[in-house]
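Please read this briefing with the sequence and the coordinates open side by side.

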Amino acid sequence: MTLMTPPLLDQEEEEMLIPHSDLVEGPQPMEVVTQTEAVSTVENQPVEDPTSSRFTWSIENFSRLNAKKQYSDVFVVGGFKWRVLIFPKGNNVDHLSMYLDVADSSSLPYGWSRYAQFSLAVVNQIHNKYTVRKDTQHQFNVRESDWGFTSFMPLSELYDPAKGYLVNDTCIIEADVAVRRIVDYWTYDSKKETGCVGLKNQGATCYMNSLLQTLYHIPYFRKAVYHMPTTENDLPSGSIPLALQSLFYKLQYSDNSVATKELTKSFGWDTYDSFMQHDVQELNRVLCEKLEDKMKGTVVEGTIQQLFEGHHMNYIECINVDYKSTRKESFYDLQLDVKGCRDVYASFDKYVEVERLEGDNKYHAEQHGLQDAKKGVLFIDFPPVLQLQLKRFEYDFMRDTMVKINDRYEFPLQLDLDRDDHKYLSPEADTRVRNLYTLHSVLVHSGGVHGGHYYAFIRPTMSDLWLKFDDERVTKEDMKRALEEQYGGEEEFPQTNPGFHTTPLKFTKYSNAYMLVYIRDSDKEKIICNVDEKDIAEHLRERLKKEQEEKEHKKKEKAEAHLYTIIKVARNEDLAEQIGRDIYFDLVDHDKVRSFRIQKQTPFNLFKEEVAKEFGIPVQFQRFWLWAKRQNHTYRPNRPLTLQEEMQSVGQLRDGSNKAHNAELKLFLEVELGPDLRLLHPLDKTKEDILLFFKLYDPEKEELRYMGRLFVKSTGKPAEILSKLNEMAGFPPNEEIELYEEIKFEPNVMCEQIDKKLTFRASQLEDGDIICFQRTRPSENENKCRYPNVPQFLEYVLNRQVVHFRSLEKPKEDDFCLELSKTFTYDEVVERVARQLGLDDQTKIRLTSHNCYSQQPKPQPIKYRGVEHLLDMLVHYNQTSDILYYEVLDIPLPELQGLKTLKVAFYYSTKDEVVIHSIRLPKQSTVGDVINDLKTKVELSHPNAELRLLEVFYHKIYKIFPHSEKIENINDQYWTLRAEEIPEEEKNLGPHDRLIHVYHFTKDAAQNQMQVQNFGEPFFLVIHEGETLAEVKERIQKKLQVPDDEFSKWKFAFLSLGRPEYLEDSDIVSSRFQRRDVYGAWEQYLGLEHSDTAPKRTYAISQNRHTLEKPVKIYN
């Protein structure tokens, strides 16, 4: 296996999980690992030779496991103790979570470390090819004693018994562990060791990183990108050329790994796109097309074509008449077959292979009619940079799924495409151009069809030095690692530990080359050119230099932070500006007020002079108040600073006043103004004086504004300040107003009316309290406003939520937005959605919540009145979303929930067609009801025909449903429900007749042994006692209508538990089958062995197919 190096910070969606990670994006932290008291010895002894073993863990009663996590027994590899850790119901995700854990981490000496490459697998016990296996590597240490996959495989697949991962409620897990020599990755410096830096992984962007490094290390391409016109006003996040220029500049001049977020933002990608693993080949095409388009009309127009474009000629040439048809086509990359080809040359041979068009496949030539012809492809010219995409993934029609081809496939260091007298070239090709190529880079995919890891081996200067680019880390590698170890195929793990297999095991190498880049020798000097600063636009250099300076400045500030105190000063102006705009509760957002960075030893009085310069307020007119966090979580000015406190240094003041011990000191600057707006000295404050803050609410405008502050006497009454408040608000002096105290807003709003006749002390008002007031409204006007008083308005503000609604059919696109309240009931939410859609019946709306981790709809919709409030619809674990998905149903949701919908494929007996019907019946209905409903929808061979319902999976019949079975528990998501007429011969079985299963199969070499693979449509057949195979064959041929020449190639076998026993024509078929009930008899059947060449049945409604991945899109 090829060693892979883990990224340090950004983790891939399916790859690694850091227990102590503080990252918000990507996988969430698993658990905090506590460490026992450290000792001084070091266990960190390097292991010279890789030691490898496989551990198998069989877990019985799997679906009944109640513990959140489960550990395997301890096993030993490389002299170290390991165990597998699983979360059977997922580690806060809807996937199985699985990790390799250092079993004795809590008792190991201080400074321990070990490095292992490993794969974890959940075995498919029905078909081994569908085993889910993922590999990675990690340096385990005290901070990270476990490593693995948070989203290993969907729980829906794992727990579906039909899928084969749980058989008899037993799950089998395998761990292949290879302990490797320890490398100190934490102190490793890529730039220092190799002269190059890596790219950070945003989540699942290793596929993009490997491609970007390959393109960057084609200097001619990099130079062209630098010369694309951009301006200093462009933003990298909105301009692909500028983002790519910025990225390449940093790769060239930075000392540390480079982030790709600006580039992916310029693609128009969101976080979810960065966590979707896509296809390198597709991204390469899409990116090159985008750049080609952006280069049009610029000095670098045509660069993409000059580098990557070649041409081939498709031809059809008649053999017996003089006629030839040709079509010239361009290509930017070539897709080469891997399956059935031993190396690149074999793939090129296959590419130009001549196909004969004869017999039923003759070619229709103009004026000559149908003619024998030969068809093929020849190359007119090859590009200077030849990109070869190896077809490691292909669609397996037999299994209806994508599979990865891990076969051994060799590629040379030097590729001669003029070999064998220019056999790949067309007659019109220019043979003066020498098509001799040298390998420049190898892109590798490690893993399976549903995910994995990408990295690249590149020779930046085409010298003998190969570098491996694995996300953030760049390492020197030898040629064997870059070439031979990426051929694929199998490798052998020696067994060294007792208790494990004693003979060497062979394992498929899941790491292999996926894309090759060759550079033509005659163009090497032009392409591997010198690229320096003069190729980079001045505005780009200045921008990036400024970015670097800001980065250094922040780094310096961080290093010196312990010497400084941050003082945040809020003023009346800040309150007036923020209240009613940015905030509604409390008084100010301290992150938006003036901030001072002051050395700790600076006397506070000197700081006041700094404030005087900044705000133009002389020192003698300043009075500062300390803020305090109250027990009810509000934050208010608490008391003014004393003279003694003002004599202290700012550091002492912060330490003395700051119970939370954070680096900031928050102050409120009180400045008194006279009637003529002249500055006044602060009033002497006694214990009787209370500083109150006032907000004004306007119910008609639904507006809250800051009015100012007043000192009042604790023995005074609110009635005494009413005229002053009216003056502040611009109301007539005798306007009647209502007063409310804003007490708190977490978790609920508390805002109570103030009795104007009680004293302020009796109302328990103190320094820093907030009074909201409004005009007294006549009772007849109460209903004219949505929120007639302050408490109702504040309640609305606290709970208002803008929700983005998306159609479930288009889950990436916002359809409309509604401002709702988190306290809205289920009925209120669907009523607003129905109103928005112009729908009369709101019960036809069905909503689905949003999964914040996958950024997709949750699998199960919200049931009718299944949640109480809008907030319940939006919360996903500890996150709150603002997205909901909707559907408009054809019947009301309560009615639909009482029904069960089954997709039933009806197989016509009289024609080769299948029609899929949706049968919707009450949940308490039976299979008999389904059949009766189906009879009204299909065309029967005769009016009295009887139907049956079968359960089919992997081309086997697993069950005939009794008519009395309830439909509520029937699962049609993974099983195919097949309905068909019961043949007359089956209705009248004689005492010695038997009904047997008949399946099609082929044999496939997998995992070093021949495996039976079923395909096609299974069926039942009546066999009579004493009937020979020859007689049975005759009936089967008639039933399936197979031509004689084809049928003569078929073999017939009795299969039991997957093992074929081939039959001769004279064998008595019935003697092979036990007299047993047909139910559960799917593992004993008559097998028809032949290749799967039969045309597929026509489906009137296409079934859902799970695609491998979503297409790559660059939106800008």
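This is a predicted model: local features need pLDDT of at least 70, side-chain atom pairs count only at pLDDT 80 or more; totals for chains, interfaces and linings use all residues.

Among contacts between residues at least 6 apart in sequence, 68% join residues at least 24 apart.

**An enclosed helix**
- Helix α3, which spans residues 206–216, is largely enclosed by the rest of the structure, because eleven of its eleven residues are buried.
- The buried residues of α3 include Cys206, Met208, Asn209, Gln213 and Tyr216.

**Salt bridges**
- The count of salt bridges comes to 68, and one network of them links Asp586, Arg630, Arg636, Lys695, Glu742, Glu766 and Asp769.
- Arg654 forms a salt bridge with Asp655, with the closest N and O atoms 2.6 Å apart; Arg654 is buried at a relative accessible area of 11%, whereas Asp655 is partly exposed at 44%.
- Glu573 forms a salt bridge with Arg571, where the closest N and O atoms are 3.7 Å apart; Glu573 is partly exposed, with a relative accessible area of 44%, and Arg571 counts as buried at 18%.
- A salt bridge also joins the side chains of Asp1067 and Arg1072, at 3.7 Å from N to O, and Arg1072 is partly exposed, with a relative accessible area of 25%.

**A buried charge without a salt bridge**
- Glu951, in strand β50 (residues 947–953), is buried yet has no salt bridge, and the nearest side chain of opposite charge, that of Lys959, is 5.3 Å away.
- That separation does not qualify as a salt bridge because the cut-off requires the nitrogen and the carboxyl oxygen to be within 4 Å.
- Leaving aside residues up to four places away in sequence, Glu951 touches Lys956, Ile957, Tyr958, Lys959, Phe961, Trp975 and Thr976.

**A negative surface patch**
- Glu538, Glu542, Glu549 and Glu550 gather on the surface in a patch of negative charge.
- Within this group, Glu542 is found in helix α14 and counts as partly exposed, at 46% relative accessibility.

**A loop position**
- Ala561 lies in the loop between α14 (538–559) and β28 (564–570), and Ala561 is partly exposed, with a relative accessible area of 40%.
- Ala561 and Arg597 are 36 residues apart in sequence, and their C-alpha atoms are 9.4 Å apart in space.

Note on methods. Residues are numbered from 1 along each chain as its sequence is written. Side-chain values use heavy atoms; hydrogens and water are left out. Helices (H or I, at least four residues) and strands (E, at least two) are DSSP runs, numbered from the N terminus. Buried means under 20% relative accessible area, exposed over 50%, partly exposed in between (1.4 Å probe, protein chains only). Lys and Arg count as positive and Asp and Glu as negative; His and the chain ends are not counted. Contact means heavy atoms within 4.5 Å. Patches are made of residues with over 30% relative accessible area and no salt bridge: like charges are joined within 9 Å, nonpolar side chains (Val, Leu, Ile, Met, Phe, Trp, Tyr) within 5 Å. Accessible areas come from the Shrake-Rupley method with a 1.4 Å probe; for residues, only the protein chains shown count as cover. The place of a charge is taken as NZ of Lys, CZ of Arg, CG of Asp or CD of Glu.
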